[in-house]
Structures are given as C-alpha cells and as structure tokens.
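Hi,

Here is the structure I promised to pass on.

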Amino acid sequence: MAAYGAAVTVVLASALAFGVLVWWGRVLGGGSTASPAMATPPERVPFAGGMSPEFHAWNRYHVRYYAMALLFLAFDMEMVFMYPWAVVFVREGITALMEMAMFIAILLLGILYAWREGALRWA
Amino acid sequence: MGIRAVLTRLAGGAPQPVFAVAGEGGLPALRRLALVEGIELVSTPRAASTLLIVGRIPDALNDPLRQIHDQLARPRHTVVWGEQSFSPLPRATLVAPGEDPIPALGQRDRDHEAGEAPAMPDADPHPWRGVGPYGQGGRGMTGGTPFGRALTGRADDRDGLTLDQLPLAVGPFFPALPSGLVLHVKLQGDLVQDVSVGENPFTRRPGDPPLPAADLALFERALSEPVPIAALELARAAHHLWWLGQALAVHGLAALGHRAWRLAADVADVADGPAPFHAAEALSRRFDRLEIAVRCSRVLSWAIAGADSEGHGLPLAVVASRGLGPVARAAGQHEDARQLDPAYRALGFQPVVHSQGDTASRWRQRLAEIRQSLQLAGAAAEAQGPTSTPSGLVESPRGPITPAGHGPSHALMSLVADLVRGLEWGDAVAAVTSLDLDMAEAARPVGAGVAV
C-alpha cells in the first residue's frame with residue numbers, strides 16, 4: 001500500500017485541481033456569477049425583518065477588551081521569565097522557589113490594582 | 001433506484017422549515033401550528049423553504065412582505081392561510097381559513113423550474129456605477145456613497161471617543177420582536193444609542209375589512225356579562241403560557257418553549273371545551289415542573305438579568321406609572337381590577353407584586369401569575385363555578401380594559417422607546433419581549449371584533 005501512496009496522492013491532487021479549474025472556468029466564462037439561489041439584488045439584501053439597510057455596515061467600534069489584552073501581554077512577559085527559572089529550579093531548590101514567589105507576588109499586586117480600578121470590566 | 005427512493009423518503013421525513021409571518025388575527029392559528037410535528041418554525045427566511053402567511057396583512061406591510069419573500073432561498077414556496085386572494089404575492093398557494101394547511105406546506109410545485117419568481121423587481125435598490133470599464137473608480141469610493149449606500153455618521157461613545165453610529169431599521173417581521181413592530185435604532189457596536197418606534201402598520205383605515213375575533217375575546221365578553229371565573233383564569237394562564245413559550249424561544253430555549261406551548265394548548269383546551277375544570281389540578285403540577293426548569297436555566301437568567309438593572313433603562317417610578325397589568329405589578333403597583341370583584345375576593349384573591357420593575361421582575365411576575373391563575377381556576381372549579389361580576393372594568397392578561405378604549409398594548413407601546421435606549425441589543429430584545437406587546441391589539445378599539 002505504501003508503494004502506491006505517492007501515486008494515489010498525485011491522482012487525488014490532480015483530480016481536485018481539475019475540478020477547481022472547471023468550476024472556476026464556469027464561474028468566469030458563464031453568465032451571472034451570482035448563485036441561482038440569490039440572483040436578483042433584493043434577494044441579496046441582509047435579513048432585518050423586511051426593511052432594507054440604508055447605510056453600509058462598515059463601522060468602527062470600540063475594542064472593549066483592550067485593557068485586558070495589555071494586561072495579558074505584561075503577564076505573558078512574566079511567563080517568559082519563568083521558562084529559564086523552570087530549567088534550574090530543581091537544582092536550586094527552595095531558594096529559587098522563594099525568589100519566584102516574590103517576583104510573582106509583586107506582579108500580583110499589579111493585577112489587584114487593575115482589578116480594583118475596573119480595568120477587567122468590559123462593558 | 002432503490003437507494004434513491006430510500007434517501008428521498010428519509011429526506012422527506014425531516015421537518016419542514018417554515019418562516020411564518022403573523023398578520024392581524026393570525027397568532028392563535030400560528031401557535032397551534034407550531035406544535036405540529038412535521039413543521040419547524042425557523043427564525044430567518046434564509047433557513048426556510050416555505051413562507052407561511054397567517055392572518056390579514058395590511059397594505060403598509062406589503063413591501064416588507066415582498067422583501068421577506070425574496071429573501072427565502074430558492075426553490076421556495078408560499079402559503080397564505082385564511083385569505084381569499086393575496087395581491088402582493090399572486091403565485092402563492094391559498095388555503096381557506098378552516099382548512100388544514102399542512103398538505104399545502106409540504107407540497108412542492110414541480111412545474112416551476114426554480115421555485116417562485118422574485119416578487120420585487122430585479123433592480124438594485126442603491127444603484128451605483130463608477131467611471132471605469134469594470135465599474136471601478138469615480139466619485140464615491142472614499143467619503144461618498146460607495147456602492148450606492150452612504151457611510152455611517154459619527155457620534156460620541158460612552159468613553160468620550162467619537163465612533164461610527166449605524167442607523168438601522170429592524171423590521172416588522174423580525175422574529176424576536178412582536179409582528180408589526182419596527183424599531184429604528186442607531187447602533188454603536190451593539191449598543192442602542194437612540195431608538196424610535198415606527199408607526200403601527202395595523203392602524204385601522206376606513207375601508208378596511210372587519211376585524212377578526214380578538215385574541216382576548218373572553219375578557220371582552222366579561223365586560224358586559226358574567227363569565228365563569230375558572231374559564232377566565234384558565235384563559236389568562238393559557239395566554240401567559242403562550243407568551244412564555246415565545247419568550248423562551250427568543251432566548252434560545254426552543255425545547256423548553258415547546259413544552260410551555262404544549263401546556264398552553266392543553267390549558268386552552270380545558271378553558272374552551274366542555275370538559276370540567278377539575279383538570280386544572282394536573283395542569284398545575286405540570287406547570288410546577290416547567291417553572292422549575294425555567295428557574296434553573298442559568299443561560300436564561302444571564303440573558304434576562306443583564307437587561308435593565310444596574311441603572312440602565314427606565315427608572316422604577318416611570319415603569320410603575322406608565323405600565324399596565326403585569327408590567328406595573330412587577331414595578332410595585334398593587335393595582336389589579338380583579339380585587340374590585342366580590343367573587344374574586346370570596347376566593348381569597350390578592351394581587352401578586354414584585355418590586356424591581358426590570359425584565360427579570362416581569363418574568364417572575366408572569367410565572368407567579370400563571371401559578372396564581374391555575375390555583376384560582378382549581379378553587380373556582382371546586383366552589384361550584386362562581387362567575388365574575390360585570391362592571392365595565394376587566395383585568396385582561398396584559399392590563400385592564402374598559403368598553404371604550406384601546407387594548408393595553410397601546411399604552412405599553414409608549415414604554416418601548418425609553419426602555420430600549422441605552423441598552424445593548426440583546427438586552428433590548430429581552431426587554432421588549434418581557435413587555436408582551438401585540439401591535440394588532442394596540443391598534444384596535446376594545447370590543448370592536450366580530451366573531452369569525
């Protein structure tokens with residue numbers, strides 16, 4: 001079976017490519033590119049209960065999780081510091097544990113401050 | 001071909017996806033149809049293969065109806081139930097009012113090569129043509145009207161920024177809103193910054209055909225003649241249960257909504273039929289189990305609780321003074337026309353009241369009123385059928401009604417705009433659903449219906 005693996009792959013890939021080209025050619029060469037299910041413009045109007053929209057939906061809106069994303073970035077950098085620590089942790093023993101605990105505790109004070117200031121609330 | 005026949009039969013056994021549109025007087029028939037096994041009422045025309053129109057559609061709703069018809073993907077099929085002719089969609093299948101629409105819903109017209117032709121003309125509603133040979137370039141791509149539609153304007157955000165604000169009309173046949181309600185909202189993200197309610201399309205004009213029987217005909221009868229209290233209370237419980245099923249479906253709990261509708265149909269059958277009212281006891285136990293399921297749903301409580309608490313929405317005093325019926329009682333008003341009736345007082349009736357006045361309060365209020373109505377019906381059945389005292393003021397499920405005046409939905413409609421302003425879209429839909437509006441009832445005078 002393994003001997004035919006390459007041949008099967010080539011056959012399947014070329015069949016797929018052929019099918020894609022045929023379909024693409026139909027779309028390019030044939031008349032309307034719209035699917036027959038939604039051929040006229042009124043059929044393509046998005047459903048909002050029967051009225052059609054007057055304005056574009058290309059809007060900018062507030063990214064409310066921005067503060068949360070910045071906090072995540074800061075603590076992601078803390079995790080980066082933990083990687084080399086993890087490598088030497090077993091050899092260094094309790095000293096390493098206490099030092100990392102102090103490091104994390106200082107950063108945890110920052111999280112507590114952000115929590116009380118409402119940075120974790122989105123709406 | 002054996003396998004083809006087997007597969008066709010399997011596919012034919014799947015429930016029919018139907019997008020239903022309720023006009024004036026169409027809601028009772030539609031609710032019964034929702035319980036039929038082979039029909040699935042979907043929430044968007046894109047998912048439906050059949051458009052079902054029940055009840056009378058006024059002329060103001062013809063254009064939105066044609067738009068909805070075109071938004072069904074082909075091959076599509078339209079069934080009009082209850083009308084003799086239907087001019088906006090001339091190729092629809094007509095089903096007479098008393099007939100069963102199920103065979104017409106399942107039928108496929110094999111003569112049409114691609115299902116029904118579109119009802120709206122094949123013209124772009126916002127035409128735009130650029131300068132180049134492929135339609136590109138020219139005025140409008142930046143700061144003008146790209147592809148014919150204007151870009152949105154700006155408005156202040158709640159954080160002091162100035163961001164885009166999208167004006168949108170959520171139309172008369174939006175499944176989560178009452179049929180006929182148009183909300184012109186200005187959205188920033190999903191926050192409704194401003195809202196105005198469109199004109200009621202069911203407003204009567206001279207020359208309109210006579211009204212069908214009111215949804216709450218029994219309560220209108222109680223204005224002038226004595227009606228058994230058990231029948232009144234069972235009709236009230238059935239109405240609130242129909243509301244409960246619809247509201248659960250809006251919040252995504254379709255199976256629980258179906259359970260509520262089946263219970264509503266059984267309660268309505270006991271209320272209307274010749275059967276004795278002793279069955280109210282068993283219905284009460286079924287409702288207890290349903291209520292436990294509704295209260296235990298975390299998803300539902302999250303959807304409802306965020307709505308208009310925490311300082312958004314209307315203040316409690318405004319809801320209490322402008323609301324009616326269960327909406328006012330959920331805001332602390334101890335007003336119920338039933339407490340003026342000596343027959344009710346003899347049964348020990350006391351109005352149920354909640355104090356918060358928000359969406360969650362209105363849900364709790366209606367659940368409590370269903371329980372109270374079933375208990376009253378059971379007590380009235382035991383006490384050899386006391387009847388209500390006609391006094392010109394009756395407490396209908398939506399609020400008090402008098403012989404001369406509009407239905408309670410008329411007053412509740414004035415709450416919608418102020419209630420919804422400032423809420424996020426999901427909370428706005430939850431708040432409107434909790435009001436239990438009926439646009440057709442808001443436009444009709446009490447007692448004007450002719451029994452069909």
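Confidence in chain A is lowest in helix α2 (residues 41–44) of chain A, with a mean of 86, and highest in helix α4 (residues 94–116) of chain A, at 94. That is pLDDT, the predictor's confidence in each residue on a scale from 0 to 100. For chain A overall the mean pLDDT is 86, and 89% of its residues reach 70 or more. Helices here are DSSP runs of H or I with at least four residues, strands are runs of E with at least two, and both are numbered from the N terminus.

A quick word on ground rules. This is a predicted model, so local features need pLDDT of at least 70 and side-chain atom pairs count only at pLDDT 80 or more, while totals for chains, interfaces and linings use all residues. Residues are numbered from 1 along each chain as its sequence is written, chains are lettered from A and ligands numbered from 1 in the order in which they are written, and side-chain values use heavy atoms, leaving out hydrogens and water.

Still in chain A, there's a nonpolar surface patch of about 1,300 Å², whose members include A:Y66, A:F72, A:L109 and A:W115. (Patch residues have over 30% relative accessible area and no salt bridge; like charges are joined within 9 Å, and nonpolar side chains, meaning Val, Leu, Ile, Met, Phe, Trp and Tyr, within 5 Å. Areas are Shrake-Rupley with a 1.4 Å probe, and for residues only the protein chains shown count as cover. A salt bridge is a side-chain nitrogen of Lys or Arg within 4 Å of a carboxyl oxygen of Asp or Glu.) The largest share, five residues, comes from α3(A), and A:L109 sits in helix α4 of chain A.

Over in chain B, look for an open, antiparallel sheet of four strands in the order β6-β7-β8-β9. β6 (153–156) and β9 (191–197) of chain B are at the edges with a single partner strand each, so one side of each has no neighbour in the sheet. Strands count as paired if DSSP finds at least two bridges between them. β7 (residues 162–170) and β8 (residues 183–188) of chain B pair over five bridges, with B:L166 opposite B:L187 and B:P167 opposite B:K186. β8(B) and β9(B) pair over six bridges, and there B:K186 has B:D194 as its bridge partner. In their hairpin, with two residues between the strands, B:G189 takes a positive phi near 70°.

Cheers
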